[in-house]
Amino acid sequence: MIIHYDLGEQSNIWSLPFPISRQTALLPLTISALGHYNCDSTYYTLRKGQDNFLFLYTISGAGRILYEEKEHILLPGQVFVIDCRKEQYYGTYEDHWNFLWIHFQGKCAPEYTELLNAEDSTPLTLSGKISFPDYYDRLHALGRHFDLQKELQASLLLQELMTDLINLKRTENFSSKYGSSRSKLNASLSYLQSHYKEPLGVEQAAEICHLSKCYFIKVFKAYTGQTPYDYLLQLRIHQAQRLLVETSLSVGDIAQETGFNDDKNFIACFKKKIGQTPLQYRKQNRYG
């Protein structure tokens, strides 16, 4: 691990480390430490090879971040998430930087961070839609007497925070690029949800939106995170799961009820998505 830093002579810094327990490695996300730094112009950190992840949130002033060969200025009300295994630099931009930070880890931390930074690693402006200081305060409160129960609560809070940030970024990215197509896409989603039993193709869904097939696929994926085919398949599999548990219909009848063209195709698709055959799923889940 490589690390260089200068905390600055006039900086006011505070941090709280969290204990590591045996179950830490088993949790999707878990907190390592958090802190509140109010730094002068000389503050910086240069790091590479630390096996955790980092939230940075600016309260006032601004921070300068160099990450993945790009420079970013982190302004008040903005948050940035860093994979600390990669080389990164962050420090005060101009005269001062007042910011909150949270180090986290966990077996799903890389996946959450990759989802958030999927299109590009850029600062995310929260604009009152998400209160990062509120999440910080709740995590800080848990750290006063940290035990297994508090660690589980912290894990849930971090997952909630990450989910909020991912959804916000996806919504803003979509609005900035394809906002005018939102109502058309909602119409196509409603159509798919009502007609999933019917033999449908991408062309039909695109026609509902009055969009070309290629553009429709691109915009649909930006809006839902899935291709139209994957979305339709998910609808059909979800309905099949419900029918397997709630009814005594045969596998063949359920295949017809959920839009699959034959039993073999239904069984193959179901097993690929769920990891079990329809009958295995019914046996395991029929009685809860």
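This tour moves through a predicted model, from aromatic rings to a single helix and then to a pair of helices. Residues are numbered from 1 along each chain as its sequence is written, and side-chain values use heavy atoms, without hydrogens or water. Local features need pLDDT of at least 70, side-chain atom pairs count only at pLDDT 80 or more, and totals for chains, interfaces and linings use all residues.

Begin with the rings of Phe, Tyr and Trp (its six-membered ring), which pair if their centres lie within 6.5 Å; planes under 30 degrees apart count as stacked, over 60 as edge-to-face and the rest as tilted. The count comes to 19 aromatic pairs. Select Phe260 and Phe266: this pair is tilted, at 5.1 Å centre to centre with 50° between the planes. Both Phe260 and Phe266 are buried (under 20% relative accessible area with a 1.4 Å probe, protein chains only).

Next, select Tyr37, Tyr43, Tyr90, Trp97, Phe99 and Trp101, which ring pairs link into a cluster.

Move on to helix α2, residues 132–142 (helices are DSSP runs of H or I, at least four residues, numbered from the N terminus). Here Phe132, Tyr135, Tyr136, Leu139 and Leu142 are buried. These residues lie on the same side of α2 because they cover an arc of only 120° around the axis, taken from the directions from the helix axis to the C-beta atoms.

Finally, display α4 (residues 182–195) with α7 (residues 228–246). Leu189, Leu192 and Gln193 in α4 meet Tyr231, Leu232 and Leu235 in α7, contact meaning heavy atoms within 4.5 Å.

Methods: Buried means under 20% relative accessible area, exposed over 50%, partly exposed in between (1.4 Å probe, protein chains only). Helices (H or I, at least four residues) and strands (E, at least two) are DSSP runs, numbered from the N terminus. Axes are lines fitted to C-alpha atoms, for helices over the stretch in contact, and angles run from 0 to 180 degrees between N-to-C directions.
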